[in-house]
Amino acid sequence: MSIAQAIEALRLEPRFMRCVTAWRRLPRRPGRYAPLPDSLDVRLRRMLEARGIRQLYQHQAMALSAIAQGQHVVIVTSTASGKTLCYNLPVLSLLLQDPDACALYLFPTKALAHDQLAELASSLEALGLPSAWASTYDGDTPQAHRPVVRRMARLVLSNPDMLHVGILPSHTRWERFFVNLRYVVLDELHTYRGVFGSHMANVLRRLRRICRFYGSDPQFICTSATIANPAELATRLIEAPVTLIDQDGSPRGEKHFIIYNPPVVNAELGLRRSPVLEAQRIATHLLEHGVQTIVFARARLTTEVLLTYLRDAARQVGVPPEAVRGYRGGYLPVQRREIERGLREGAVRAVVATNALELGIDIGHLSAAVLTGYPGTIASTWQQAGRAGRRHDVSLAILIAGGDVLDQYIAAHPEYLFERDPEQALIHPDNLVILLNHVRCAAFELPFRRGEPFGSIEDVTPLLEYLADEGVLYSGSESWHWISQAYPAETVSLRTASPDRFVILKVDEEGPAQPIGELDRFSVPMLLHEGAIYLHEGQSYIVERLDWERSQAWVRAAEVDYYTQASITESVHIRETYDEGQQGNALRAHGEVSVIARATRYRRIRRYTLETLGWGEIDLPEQEIETTAFWLSFPEEALEELRESRLWLGDPLDYGPNWEAQRQRARERDGFRCAQCGAPERDGREHDVHHIRPLRAFILEAQRREQDISQVYLEANRLENLITLCPACHRRAENHVRTRTGLSGLAHVLSHVASIHLMCDPRDLGVVTEARSPNTGCPTITLYERVLGGVGLAQRLFEITPTLLEDCSDVIERCGCTVGCPACIGPVLDETPLADPKGLAQALIKVALGEPLSVNV
């Protein structure tokens, strides 16, 4: 059987085709070639010809030409298009001409570096050069071997973290290397975005500063997946002009790309069949047809669950279970190499992987890729789809949509994936927190001369004065000198803007506690409180103890069938408005804010069934983060228009003269305990009393019947309609009300659609919905960056607000649910909501777009 037969069998299966929202056939593309350059060293020419390479792809030739002219370049072509040769050829050519010359290869992961090492070692041997000239230098490099690398290596393969903490602070040990450094290779450039990219830009500022100290000025060769702004990103990272090479000359076989939306299992709630189960079914079909397949999953836990399912299914179709493997972070290097070799040789017939295999690790050319959920960006989607397909054969990629807003948006708008420009990669290297940390590291590495710039920043004197006041710098007559005993790089994580980190320590009976991870302080109350289930490399750990002062958490491995979810209250204070303006009949703005968050309780939730198993208290200090935010507010004039059409239900209500008495009776009847979770009242804080059927529903019913509404409180405040709830349970109940009034429904869809346009994870944005904001005085939705100081996402939201709102409207309109679901405005749990919740959210969008109201509720 073949991939063509497997594709045709899918086309003939009615159950499968009913769920297909797009089937695109990407035609075969012939290669465009160029001759090997006449200037190419004859030894390199012989090496290439021995490997069957007698000509170059067009983009390879263009890259070699630009590099030979001394230009910094960024090469942006498809997966498996030979980008590696674009940097290996000039580097090897230089080594043949100058045996003292050095190059630094930077990869975002250790696995990529080790994968490239084998290729380089083979090339060096073929050229008659010592294979020891190429070496990795990372956290896995044995201590005894590190001096050998520093002394002998000409090609050092590393990663940003090791460069930051292990090479730059110890540059005096690398003097030979830095004096002779000619090339710096930045592979997978598109991964350097957001916080990571902002840190990376500063690491490169430090690298170039040290190079200047040793008299070198290396040339940068960058490669990237397709993004909207590769040249801009490269320019911001290296702070120098770059030449863009994006004319892909590599051949491509015919590819079928299918977007598959799992069948609906509950139309009213908008629930669909699990994408994991659909991935298992489709991958089994491909295995049965003898098609070598890679299945991508978005989380480590999902990877392991899906691997178990697929191995069980493989037995049933006659495929040995050992021919189906998993691949994710946490596997030992020897295991990963074994799996990669099995894929190249064909012994492994299917692999279930996280995005650890999305990047350019050599696994051969598979025939099919199944993507379990939208990877989050167009760039990642095409990277994963590109793992399937030989240069001349047919291949298949299937994207299985999940149930959330992003996935359903892609399923309903396949043109977004196939026709629109990809997202921009945004960085903010001058984020004050990030910048200060790297100025600190740079001062440790070399004294700062008076008036010396740091990258493109002409004057860092205020930062140096701050560090002198802190007691880590001495201000001399001509320069600033490091005087502290601290080693600043080890306190700065490149993956977060926060310098305040908690160390997570694993305890067991066999020995002392071992660190297994870190977490920024702002996230600790949500994810690392005592009693929390902390997931790490697919293993569940229960948090046994938390030391807030010493920034440490002790966890123990546990086999449990539940996870935990904290209840958080958040408030926003606007510190400074950077820009504001009219947005239809609403107002938009962005600026600096402080966000105060407090975790109060947590819920234990059973996996898969999602039933609540119990509750626990969280007693930790409130957290404050200063960051940037975008907010959309609805002034009184806009609300009046909505009220006239009965499309605004968010105004505060008068509960009537008997409210306090009835409230006290309800609390007494319920024993002063929460009727939902059983929690007793705390000293100084009475529980809330909630209307089971909202007071507003009684008012609306009276208005429809044209009755007097002044007495409706008598029926609404009957004891049978009242229930005592603790603050956490009351907030959840009220959240449903806000969804019904449209405001948080719009906030839900807005935050998810925003992440599509920003090329970020939805968790990078926090959302606060206020029926009457103390900052604006009116109903307001705030999207804030969960990064200290922000990285520019809020400003981008301000710039693209109309597009965001139009896409939100389309998501809600196209969703087939009745009153709301996770794929649009969020779930609405009332069986009989006050009004059409989707219509109320749409009404707010129309107000913000300046369109006439036409929604009837």
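User: Which residues touch the most other members in the largest nonpolar core?
Analyst: Phe257, Ile259, Ile294, Leu357, Phe634, Leu642 and Val749 do, out of 82 residues in that core. A nonpolar core here is a set of buried Ala, Val, Leu, Ile, Met, Phe, Trp, Tyr and Cys residues joined through side-chain atoms within 4.5 Å. Buried means under 20% relative accessible area, exposed over 50%, partly exposed in between (1.4 Å probe, protein chains only).

User: And which helix gives the most to this core?
Analyst: Helix α26 (residues 743–758), with nine residues. Helices are DSSP runs (H or I, at least four residues), numbered from the N terminus.

User: What should I know about the model and the numbering?
Analyst: It's a predicted model, so local features need pLDDT of at least 70 and side-chain atom pairs 80 or more, while totals for chains, interfaces and linings use all residues. Residues are numbered from 1 along each chain as its sequence is written, and side-chain values use heavy atoms, with hydrogens and water left out.

User: Which residues of α21 are buried?
Analyst: Ala638, Leu639 and Leu642, in a helix spanning residues 636–644. They line one face, because they fall within an arc of 95° seen down the axis, taking directions from the helix axis to the C-beta atoms.

User: What's on the face turned away?
Analyst: Glu637 and Glu644, both exposed.

User: New topic: where does proline 160 sit?
Analyst: In helix α8 (residues 160–167). Proline 160 is buried, at 0% relative accessibility. Beyond four places in sequence, its contacts (heavy atoms within 4.5 Å) include Leu106, Tyr192 and Leu494.

Technical notes:
Helix = DSSP H or I, 4+ residues; strand = E, 2+ residues; numbered from the N terminus.
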